[in-house]
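Hi there,

Here is the structure I promised to pass on. Have a look at it first, and my notes follow below.

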Amino acid sequence: MIRTLISALAMTALLGGAASAETYEVHMLNKDEKGVMVFEPAFVKAAPGDTIRFVPTDKGHNAETIDGMIPDGAEGFAGKVNKDVEVTLDTEGLYAVRCKPHYAMGMVMLISVGDAKAPEGFLDGRVPKKAKERFEAELGAL
């Protein structure tokens with residue numbers, strides 16, 4: 001009995017210190033209290049190895065990274081419209097995500113992996129006005 005208890009405590013101590021990756025669920029919505037065409041939440045602070053699951057709660061949405069707005073060396077992703085997409089992010093940095101059909105309406109979000117800061121010129125280039133406004137609001141969370 002004591003041997004079993006000591007073994008169980010030893011295993012708990014060994015496994016208890018192991019870091020476990022988190023899974024975050026992001027809903028793609030037509031409308032919420034923040035407005036129309038939104039990701040909820042619009043900002044996720046994740047650790048390397050964490051998983052983000054995008055759920056098209058309302059129809060007509062997808063989730064995909066924006067070219068030039070992900071960390072160097074990271075792989076982008078593109079989900080299909082009306083389909084869940086799940087991604088595990090291992091590269092530290094800032095990831096800009098959009099719903100391609102509603103990008104011009106500002107349907108964007110940010111994922112910060114690790115101790116990420118916005119790179120110089122992050123919002124330079126062709127970013128629709130409404131999307132840029134929402135990105136600027138979310139950059140305040142860094």
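Glu 64 and Arg 98 form a salt bridge, with their closest N and O atoms 2.8 Å apart; the term stands for a side-chain nitrogen of Lys or Arg within 4 Å of a carboxyl oxygen of Asp or Glu. Since Glu 64 belongs to strand 5 and Arg 98 to strand 7, the pair ties together parts that are 34 residues apart in sequence. Helices (H or I, at least four residues) and strands (E, at least two) are DSSP runs, numbered from the N terminus. Glu 64 is buried at a relative accessible area of 9%, and Arg 98 is buried too, at 18%. Here buried means under 20% relative accessible area, exposed means over 50%, and partly exposed is in between (1.4 Å probe, protein chains only).

Before going on, please keep in mind that this is a predicted model, in which local features need pLDDT of at least 70 and side-chain atom pairs count only at pLDDT 80 or more, while totals for chains, interfaces and linings use all residues. Residues are numbered from 1 along each chain as its sequence is written, and side-chain values use heavy atoms, with hydrogens and water left out.

Back to Arg 98. Glu 64 stands opposite Arg 98 of strand 7, and strand 5 runs antiparallel to strand 7 (residues 93-98), joined to it by 2 bridges. Two strands are said to pair if DSSP finds at least two bridges between them. Leaving out residues up to four places away in sequence, Arg 98 touches a set of residues that includes Phe 39, Asn 62, Tyr 103 and Met 107; contact means heavy atoms within 4.5 Å. Phe 39 is 59 residues away from Arg 98 in sequence, yet their C-alpha atoms are 8.7 Å apart.

Those two strands are part of an open sheet of 4 strands with the order 3-8-7-5 and mixed pairing. Its edges are strand 3 and strand 5, each of which pairs on one side only.

Now for the wider picture. The protein has 2 helices and 8 strands, arranged from the N terminus as α-β-β-β-β-β-β-β-β-α. Of its 142 residues, 42% are buried. Among contacts with a separation of 6 or more, 64% are between residues 24 or more positions apart.

Strand 4 deserves a look of its own. Strand 4 pairs with strand 1 in the parallel sense over 5 bridges, and Phe 54 of strand 4 is the bridge partner of Val 26. With strand 6 (residues 85-89), strand 4 pairs in the antiparallel sense, again over 5 bridges, and there Arg 53 stands opposite Glu 86.

How many salt bridges does a search of the whole structure find? There are 4. One of them joins the side chains of Glu 25 and Arg 53 at 3.4 Å, N to O. Glu 25 lies in strand 1 and Arg 53 in strand 4, so this pair ties together parts that are 28 residues apart in sequence. Glu 25 is partly exposed at 38% relative accessibility, as is Arg 53 at 26%. Glu 25, Arg 53 and Glu 86 are linked in a network of salt bridges. Lys 117 and Asp 115 also meet in a salt bridge, at 3.9 Å, N to O, and both residues are exposed.

Asp 32, in strand 1 (residues 23-32), is a contrasting case. Asp 32 is buried yet has no salt bridge, and the nearest side chain of opposite charge, Lys 34, is 5.8 Å away. For this, Lys and Arg count as positive and Asp and Glu as negative; His and the chain ends are not counted. A polar atom of the Asp 32 side chain does lie 2.7 Å from the backbone nitrogen of Lys 34.

Finally, some backbone details to check. Glu 40 and Pro 41 are joined by a cis peptide bond, with omega about 0°, and Pro 41 is in the loop between strand 2 (35-40) and strand 3 (43-46). Met 37, in strand 2, has a positive phi near 50° although it is not glycine; Met 37 is buried at 13% relative accessible area. Asn 82 is another non-glycine residue with a positive phi, about 70°, and Asn 82 sits in the loop between strand 5 (64-65) and strand 6.

Happy looking!

Notes
A polar contact is a pair of N or O atoms within 3.5 Å; within protein, one must be able to donate a hydrogen and the other to accept it, and residues adjacent in sequence count only if both atoms are side-chain atoms.
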